Structures are given as C-alpha cells and as structure tokens.
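Reader: I would like a close look at a single part of this model. Please start with the overall picture, then go to the part itself.

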Amino acid sequence: MPLTMKKLILILLLTVGATSAYTQENHKAFDSGEWFKFRIHYGVFTASYATLEVKDDVIDNMPVHHIVGTGKSTGLLSLFFKVEDYYETYIDKNEVKPYRFIRKINEGGHTKDIEINFDYQKSEALVFNKKYNTKKTFPVKSNVQDMMSSFYYLRNTIKTTSLKKGDEQYVNMFFDNENYLFKLKFLGREVIRTKMGKIACLKFRPYVQADRIFKEEESMTVWVSDDANRMPVRIKADILVGSIKADLDAFKGLKHPFKIVVD
C-alpha cells in the first residue's frame, strides 16, 4: 500500500505531538510562505511526491493561515495505482485551531470529497460529504484539531528541552466522522544524513491502531529536526517486502534558520 498523503500527514502530526504541551509562550515554528516537498520512495524507485504549503487567506472575515497539502503518484506506480490527494485546512493565526478542513482524494479508484466546518460554540463538526451530498453533525472534544491543523498546532507548542527517552504523548484529532486518539513514543536524538547535509533530529515511534491505517502497531519511525522549526525530515515504514521512505526533498520559507551539522 503506497504511503499516501493521509498517512504522511497523520505521521507528521503524531511526531510533533510526542513533545507537545500547551504553554503561554505562543512560540511560532512556522509562518505563511513555508513550503515542504517530500520524495516518497521504495528503495531507489521514486513512487510519489507530496507537498505542504502555508498561505495567507481570509475566511468569514477572519485572517487565517490557509494550508494546502497535495500528493501525487509518479513513475511506474501511477500506471497501476494512481494517487491524487488534496487537503486543505483554514486555521486561526493566534490559537492555531481549525475552522474548515477539506479532503479530496483518489487513491487507486477509492475517492472521497469531504468538507468539515467546526462550530466551537456548539462543540460540533459539520461534515459535508460532497460525493454523496450528505451533511451530518458530530460532537467534538475540546481543543479539537483536524488532520492537518494538528501538525501545525503541535509544532507551535512543542517543548524539546525536557524530552526524555521513552516519553509518551496522546493526541486527539477529529477525522471524517470520529475522534481519534494516538500515542507516540520518543526514541531519542540522532543525526541523519540527507541531501541537504547532516541534520540533528528527534526520533519517534508512533503507535497506531492496526485495524485502522497500518498493519503493524510499531512499523513506523519518524525523524524531525531538533531546532525551532520542528521540520519533518524523514519517515520510514517497514512492510512485508522491505520498507517505504519519505524524505524531505526541498523546502523554503522557514520561520527560523536552518542548521547543518558540521563535522
């Protein structure tokens, strides 16, 4: 099964979630103009590319961060398993909470076209399934985040100085029509070699429900830059016939300086 945009974003939000604790510092790890590109590959073969971009926008007369994520299969993979994923979230600039989430995908013929609007006064999410033209409301938990906003919210509240090997964190998220609970374990610090050079990283192991997304509970490992950007650098998933990797291929618009480890 290809590493789709859905899985990539889920892993990203889980990763930063492991070290998060809300503070009044309102530290900002990102800003409009930030852009990431990931190369997803099986061995030496590139299977697809995915991007994440932060833009300025307005929704209901409020200035927001408009975040867009895309993923598309390429090469041989696109011949037998076509992937076209498109995600959007509109988040409050101060509290980093979502107002609207959009998911439009085609993964090997499996399609979805969903828009979620959050009503914080009623603690509800209105889910508009455009594919079937249905609308339903669902209760949401406090401090709810959608699949994409979670990643950016947690990047803003991460605290790395107190991290200890074995630390665990739970993250709540509303996705499609359910509240999800994830657990993540901090494995330690590691310097990894990338096309940009050697990068000091925080290493994590996400634990997920095997019957929902992944076949194995502990099959994923994720590396995030150990700096103020909390930039996703590498994702590895072990599968029956080898492993899948997603590597940061290009970036721009970082809020903070990018550091390379010099020998």
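What percentage of the 263 residues of the protein chain count as buried? Which residues of α3 are buried, and what does D146 touch?

Author: Of the 263 residues, 51% count as buried. Keep in mind that this is a predicted model. The mean pLDDT of the chain is 81. A share of 79% of the residues reach 70 or more. Two stretches need caution. Residues 13–26 have pLDDT below 50, yet the model gives this stretch 41 contacts beyond near neighbours in sequence. Over residues 209–215 the pLDDT also stays under 50, with 12 contacts beyond four places in sequence. Where pLDDT is low, the predicted coordinates should not be read in detail.

The chain has three helices and 14 strands. Among contacts between residues at least 6 apart in sequence, 50% join residues at least 24 apart. The accessible surface is about 12900 Å², and carbon and sulfur atoms hold 48% of that area.

Now the helix. α3 covers residues 149–157, and nine of its nine residues are buried, so the rest of the structure largely encloses it. The buried residues are S149, S150, F151, Y152, Y153, L154, R155, N156 and T157. The list includes R155 and N156 as well as F151 and L154.

D146 is buried, yet it has no salt bridge. The nearest side chain of opposite charge is R100, at 9.8 Å. A salt bridge would need a side-chain nitrogen within 4 Å of a carboxyl oxygen. What the side chain of D146 does reach is backbone. It comes to 2.8 Å from the backbone nitrogen of M148. It comes to 2.6 Å from the backbone nitrogen of S149, and S149 is one of the buried residues of α3. Leaving aside neighbours within four places in sequence, D146 is in contact with T89, P98, R100, F101, F118, M173 and F174.

T89 leads on from there. This residue lies in strand β4, residues 83–92. T89 counts as buried because its relative accessibility is 0%, under the 20% limit. Its side chain reaches the backbone oxygen of R100 at 3.5 Å. Beyond four places in sequence, T89 touches H65, H66, I67, P98, R100, F101, D146, M148 and S149. P98, R100 and F101 are therefore on the contact lists of both T89 and D146.

V96 has a positive phi of about 50° although it is not a glycine. Most residues other than glycine have a negative phi. V96 is buried, at 3% relative accessible area. N133, in the loop between β7 and β8, also has a positive phi, about 55°. N133, however, counts as exposed, at 61% relative accessibility.

D167 is found in the loop between α3 and β9. D167 is partly exposed, with a relative accessible area of 23%. A polar atom of its side chain lies 2.8 Å from the backbone nitrogen of K164. Not counting residues up to four places away, D167 touches S162, L184, K185 and F186. The C-alpha atoms of D167 and F186 are 5.3 Å apart, across 19 residues of chain.

Terms used
Residues numbered from 1 in each chain as written. Predicted model: local features only at pLDDT ≥ 70, side-chain atom pairs only at ≥ 80, totals over all residues. Heavy atoms only, no water. pLDDT = per-residue confidence, 0-100. Contact = heavy atoms within 4.5 Å. Buried < 20%, exposed > 50% of the residue type's maximum accessible area, 1.4 Å probe, protein only. Helix = DSSP H or I, 4+ residues; strand = E, 2+ residues; numbered from the N terminus. Areas by Shrake-Rupley, 256 points an atom, 1.4 Å probe, with all protein chains shown as cover. Polar contact = N/O pair within 3.5 Å; in protein donor to acceptor, adjacent residues only side chain to side chain. Lys, Arg positive; Asp, Glu negative; His and termini not counted.
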